[in-house]
Amino acid sequence: MSQDIKVKTKIGEYLVKAGLLYTETDEWIRVKDNVITIGITDYAQKKLRYIVNVELTEPGTEVRAGESIAVLESVKTIADVYSPVDGKLIEVNESLRDNPDLINKDPYGEGWIAKIEITDSLPRDKLLSPEAYAEHIRSKEE
């Protein structure tokens, strides 16, 4: 358990995981070779509350940085999930179609949304470290 503490940071009630990159629009990114896995952060899922539907873009679709790759519908609102990179959408989390609440239950694990093969370089200058994302949450909560 003590090892788990080292990989997580709590900002108020929000969990920020180490080892991931983040966007200012509240997506998390896990990079492995030239493929990223993307989901929404604990902060985003708590702000949306109960997610009741997920619309996913079809695998094989070419995506551009800043384009919507999924639409999340909650009891409160509708929110887009944006690609942080140019690339090809190679996989979506089909489990979300029947169980959209996986995003609420496990946003950094079973609630992942899509995998994108990067066709350009990763725009690290536009992505946030866990520490920078934690500060980003703090500034929104003030």
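Biologist: How many bridges join β4 to β5?

Modeller: Six bridges join the two strands, β4 and β5, which run antiparallel. Strands are DSSP runs of E with at least two residues, helices are runs of H or I with at least four, and both are numbered from the N terminus. Two strands pair if DSSP finds at least two bridges between them, so β4 and β5 count as paired with six. The model is predicted: local features need pLDDT of at least 70, side-chain atom pairs count only at pLDDT 80 or more, and totals for chains, interfaces and linings use all residues. Residues are numbered from 1 along each chain as its sequence is written, and side-chain values use heavy atoms, with hydrogens and water left out.

Biologist: What makes β5 largely enclosed by the rest of the structure?

Modeller: Five of the six residues of β5 (residues 35–40) are buried, so the strand is largely enclosed. Buried means under 20% relative accessible area, exposed over 50%, and partly exposed in between (1.4 Å probe, protein chains only). Four bridges also join β5 to β11, antiparallel, and I36 has I116 as its bridge partner in β11.

Biologist: Why is the pair of Y14 and Y43 called edge-to-face?

Modeller: Ring centres of Phe, Tyr and Trp (its six-membered ring) must lie within 6.5 Å; planes under 30 degrees apart count as stacked, over 60 as edge-to-face and the rest as tilted. The centres of Y14 and Y43 are 4.8 Å apart and the planes are at 75 degrees, so the pair is edge-to-face. Both residues, Y14 and Y43, are buried.
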